[in-house]
2 protein chains.
Amino acid sequence: MKYCNQCGAPVTHRVPDGDNRPRYVCDSCDTIHYQNPRIIAGCLPFHEDQVLLCKRSIAPRQGCWTLPAGFLEFGETTAQGALRETEEEANANAEIIGLYTLFSLPHISQIYMFYRAQLIDLDFYPGQETLETKLFHESEVPWQELAFPVITETLKFYFNDLPEEDYPIRNEDIIINRKRDPMK
Amino acid sequence: MKYCNQCGAPVTHRVPDGDNRPRYVCDSCDTIHYQNPRIIAGCLPFHEDQVLLCKRSIAPRQGCWTLPAGFLEFGETTAQGALRETEEEANANAEIIGLYTLFSLPHISQIYMFYRAQLIDLDFYPGQETLETKLFHESEVPWQELAFPVITETLKFYFNDLPEEDYPIRNEDIIINRKRDPMK
């Protein structure tokens, strides 16, 4: 952020009075520009003992497999956002069963949420951001070609829970230290 | 938003090419400014069968009772944000037990999350945004003076679950239609 979105003046990056961390501050109109983590909402769409994955047509991780998910929009509930992304990325008709996984990724200030969602029919097909949509049994999941750690974790939880048909909500943190060891 | 925070030029509000909803767009540097819901993280701090509430010293709902909660910051996990707010608003030392309630409030594009948190000691005292901090048994809760519906809902769930000591995670939507009936 370089300019104030309220008045157009250049902003400075400093700790405002009474605060305890640096913010982008406009010294012209006194607006403090807070930055907040973003939510990515998605579904784990399933049919019997199979899950629906989408092969990404876009960066990042183009060509890798993912669960349908994307940034929550203004005015949406988290479940509405999850279903919208499922429709946009896989043209899939699904019904939310319940919240399943919730991940904090503090290194990129993102919060991921996945809902278990039962497919209403099998008429899914790739959306604009998807090359291929396909149902996978556990033994067929391309574990080495999954797009993100949150996808791997959610699928691991799911296939672990599937035999007992008990799906407790998991709240996990994915901590990645961005500092690299200079000796390696 | 009136100006682009990247180049300082005025923004327009329109549907970008390939998108399906209006965004603030900079026609000078082609930046699209997405707006995303914000997360409020908080704790339900408890000691035996009592819960810790904070009387708000600031707007909105000044003088009403709340659970300690606030906007999640960049670089935080949701549990870290919940504990930070508990320390800031109540100077309370607490330990996260687990996620408890998660609410979507689409009319204000906010997502609330509360964690059950056990008080480590009773040395809490009001922070800057708090007039008073106090433990309440169920019969003592000032139900008519609670600050927000998410507080009322979380406390109702809690005192309902307390006898069985089973605390399933609740994911709820709070839908408030902002359009008022002009006849009322």
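First, the ground rules. The model is predicted: local features need pLDDT of at least 70, side-chain atom pairs count only at pLDDT 80 or more, and totals for chains, interfaces and linings use all residues. Residues are numbered from 1 along each chain as its sequence is written, and chains are lettered from A and ligands numbered from 1 in the order in which they are written.

Chain A has eleven strands and two helices. Both terms refer to DSSP runs, H or I over at least four residues for helices and E over at least two for strands, numbered from the N terminus. The order from the N terminus is β-β-β-β-β-β-β-α-β-β-β-α-β.

Next, extent and packing. The C-alpha trace of chain A spans about 60 × 45 × 30 Å along its principal axes. Of the 184 residues in chain A, 35% are buried, where buried means that 20 or more other C-beta atoms, placed from the backbone, lie within 10 Å of the residue's own.

Chain A is divided into domain 1, residues 1-35, and domain 2, residues 38-173. These bounds come from an automatic or database domain assignment. The C-alpha centres of the two domains of chain A lie 36 Å apart.

Now the contact between the chains. Chain A gives 32 residues and chain B gives 32 residues; two residues are in contact if their C-beta atoms, placed from the backbone, lie within 7 Å. On the chain A side, strands S4 (38-47), S8 (94-105) and S11 (170-173) each supply at least two residues. The largest share, three residues, comes from S8(A).

Key
Buried ≥ 20, exposed ≤ 12 C-beta atoms within 10 Å, placed from the backbone.
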